[in-house]
Amino acid sequence: MARYIARRVVYMVFVFFILSIILYFLFNLIPGDPVAAQLQPLMDEMTAEEYEIRYNQLRSQMGLDDPLIVRYARWVTGMLSGDLGQSHRYRRPVADVIVTPLRNTIFINIFAVAIGLAITIPLGIFCAVKRNSILDKIVQVLTIIGHSLPHFIICLIAIYYFAVIKGWFPVSGMNTPNFEGTGWELFKDTMYHLTLPLMVMTAASLAGMTRYIRAAMSDALGMDYIKTARAKGLKEKVVIFSHAWRNALLPIVTLIINWFMSIFSGSLVVERVFNLHGMGKFFIDSLNNQDYNVSIAIQMFYIIIALVGNLVTDLSYGLVDPRVRIDS
Amino acid sequence: MMKKSILLLLVFSMVLSAFLMGCSPKEEPTDTPPTDEPGDEPGDEVTGPPSEPMGQIIVGNTTEMSGDWVPYWQNIASEYDIYNFITDYPTVAMTFDGEYLINDTVVASHEVIENEDGSKTYEYTIKDGLVWDDGTPITAKDYVATVLLWSSNVVKEMGAGNTYGQRYVGYKAYGDGEAKEFEGVRLLDDMKFSVTIDAAYLPYYFELGLVSVSPTKISFWTDDTVEVLDDGNGAYFSDNFTKENFEENIDKARSAIPRPSCGPYVLKSFDESTKTAVLEVNDKYVGDHNGQKPLIKTVIYKLVNEETQMDELATGSVDLLLGMASGSEINAGLDLVESGGFNFTKYPRAGYGKLAFVGDFGPTQFVEVRQAIAHLLDRNEFARSFTEGFGSVVNGPYGEALWFYQETKAELNEKLNQYPYSLEKAIELLEEGGWVYDENGNEYESGIRYKKLDDGTLMPLVIQWSSSGNEVSELLTIQLVENPDLAAAGMKIEETVMDFPELVNYLQRNSIEDPKYGVPTYGMFNLASNFNPIYDQSNYYEPGHPWNTSYSTDEKLDELAKAIVLTDPEDREGFKQKFVDFIVRWNELLPELPLYSNIYHDFYNDKLVDYDMNALIRVSDALLYAYVTE
């Protein structure tokens, strides 16, 4: 087991470095001049001569005059020592500016994932057990609709109905502006603001997972060992939860672990529409602002999450299914 | 066991859902604690401006704030608004019409001294009794500190603009760090200081705009050990003011809260999670140039997005939305106004969307081609389509809100070519311009026109257009590029869609970024221009100047552009005449083709009263005179 993990970690480090090279070079291919973008606000106030001096000075300060390979070496060395560079837009270290959106995203996604799993697992099992019943058919239709509708449409419909027509929730934001109250009141206020985005995130994610669990459970319930279990006279609930569900878990476990890993990645559409300062919105904003130190740091973070996620998934197979020997 | 787990899961799911729903307050959450002030209680009708600041306004803005509260490193519009709410007491103020005057609220007396070397000194004595929000007095040192700090080499090396005193004597030596003293800035006594405009920049019509200085509390940016001194050769900071000593302090001060305020409001908080800034009234503020003090107690800046901002207004999440420009937004806003409870203020934009031509390359270097394009685009229809009726067409580089345009409007209307839609006129112009050949050098009959250049080669009338693929580009494609009359005139426009930074690289011929950008490739770009009350076009048409992105080579146009501001401030009529002369020449040469100028609409909850806005002032100015009735 330990040898397997060590081998996988070495492999992850290798993949991480290869991807870091590819990403760094790709980001440098993006057209646009970050120096000119930074000087743009000051342009009208400077003479041509001053502009040129400042331009060259800033280029040199940002290390853009060095060959690409030198810049890469500097960047990767910095990254390994925890220095992700400076955000050109915020003029603060990337490691500092990334904290708030990451915290927000994790906070929101913990609830989204918890609610999602709490609904989809029982619902998927129920639909598989009551396959082709009226309720199953209703769920299938609803999940198809949920799966087909783009997220932003669900967001806008939810805002229109629940915020504009009914007035139950605010249109956007994470807190009431200038809110004054205790920590608990602030938490309640945050949850009040997050209810609508969480509803949308849950609704949008229900379809895929529910259908996946239903399919996996249906397959499992059709297996011979289920017939054997039933023939043995086991109670139906024992058959479903002890025999079918454990076997159905194997294909689902990847999906569930990916869900947990998605706690770190923001939802671009939901965050943008509801003005939540999370990772998805932050990433797109950094690309639009040509703040590539931030963009590439987020990308590298996601790569780490994906690699760790893969490892955890593989390890979990061994836990879920004793037949899988992870060190073989 | 498994049964229990599933049951637990279901129960957890229901409890969590119920909890989330339960978090929804039955009533609107209170934003501020209740106060005993008159007029704050529901039902208290206020029939006129309140005697004390009261209530709050939530301003929705679509530009995300980064938390940098000074405009020397960036120019994010919403942060500049915040800066203006907390920074005031300038020696020279601007009126709502964009005219400059000495600020009597701040200046006890002033003297203008014409020096022998042609420079001009403004000597100010500051009024006693002005204080920062913490009660510490504002003195001449605070005014001098502003010029010294924001012209210094220290902030320049930190990547900030250090051009505050760029028109003053001795700026270059001080700004480059070569001189300790700033010769053109003097600290004369505790309440008296002066600034001297370099003779090279005089006369200058907007001279007063050059000598407007606001105070800075230097101890906030550095520490108590940095002093503002003057030994007679110019003001300077004590020797300990170095980048090494204060880089960290300065960096922190940019986003620090609390921070000193000399404006009508104090920045109370900024929530980075929600990108919301809260401003509370500064009770030590003595007023703007009219002595006007704020009447609204709390101003909140809240981030909204374009798609749902009108819903935010409708549901009371925000009270004021600024500068709505698109037809769909405005129509939605007007529907809201019609439904009751809301109001709006409209004003013309001080700028326009345009087609910018390149004047030194390809077919667009010839004025007849530029004029022909103008005749082949129905600009009235274009403006109507793009702005959905909430815009107009301008015929020169001005904004309709500018006072000198307003005062010369009649004359300009008479003199300016409107370039009405006309295929015949376009063909006539092209023929006059020598576009009379076909690809073989024979007389033109059909297809693409060619012009014989001085070296005998033939240039096709094919214009390369760099576009960023936005809504304007899409409309231009339909109304100009795919217009059958364009082909009938013998012209072709080829569009290349690219992202905006790349477009800018081509426009600015940024060969440092990539040598390909240094090669003139595109003959036209669709962009936008905005003008501020200091209408200075001096650099934009100078051949070879990097700001001359229309690559105009016309020396007369450059001469006329420079002449406008080279006017004595007292010579109002002369200034207007020079403005007209420049506009007329510009209109003839058409380095750009203005496409539309929006009519901006600000929508607001009708609890906001006396809100008067225009494109020249900031929202901080408009809200200073407004009040809320709730």
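**A tour of chains A and B**

Select chain A: a compact globule of 328 residues would have a radius of gyration near 20 Å, whereas chain A has 25 Å (taken over C-alpha atoms, the globule rule being 2.2 Å times the number of residues to the power 0.38). This is a predicted model, in which local features need pLDDT of at least 70 and side-chain atom pairs count only at pLDDT 80 or more, while totals for chains, interfaces and linings use all residues. Residues are numbered from 1 along each chain as its sequence is written, chains are lettered from A and ligands numbered from 1 in the order in which they are written, and side-chain values use heavy atoms, with hydrogens and water left out.

With chain A still selected, note that its C-alpha trace spans about 90 × 60 × 40 Å along the principal axes. Colouring by secondary structure shows 14 helices and 0 strands (DSSP runs, H or I of at least four residues for helices and E of at least two for strands, numbered from the N terminus). Of the 328 residues of chain A, 47% count as buried (under 20% relative accessible area; exposed is over 50% and partly exposed in between, with a 1.4 Å probe and protein chains only).

Next, select residues 367–375 of chain B, which form helix α11. Here 7 of the 9 residues are buried, among them B:V369, B:R370, B:I373 and B:H375.

Finally, select B:E482, in the loop between α15 (471–481) and α16 (484–488) of chain B. B:E482 counts as exposed because its relative accessibility is 55%.
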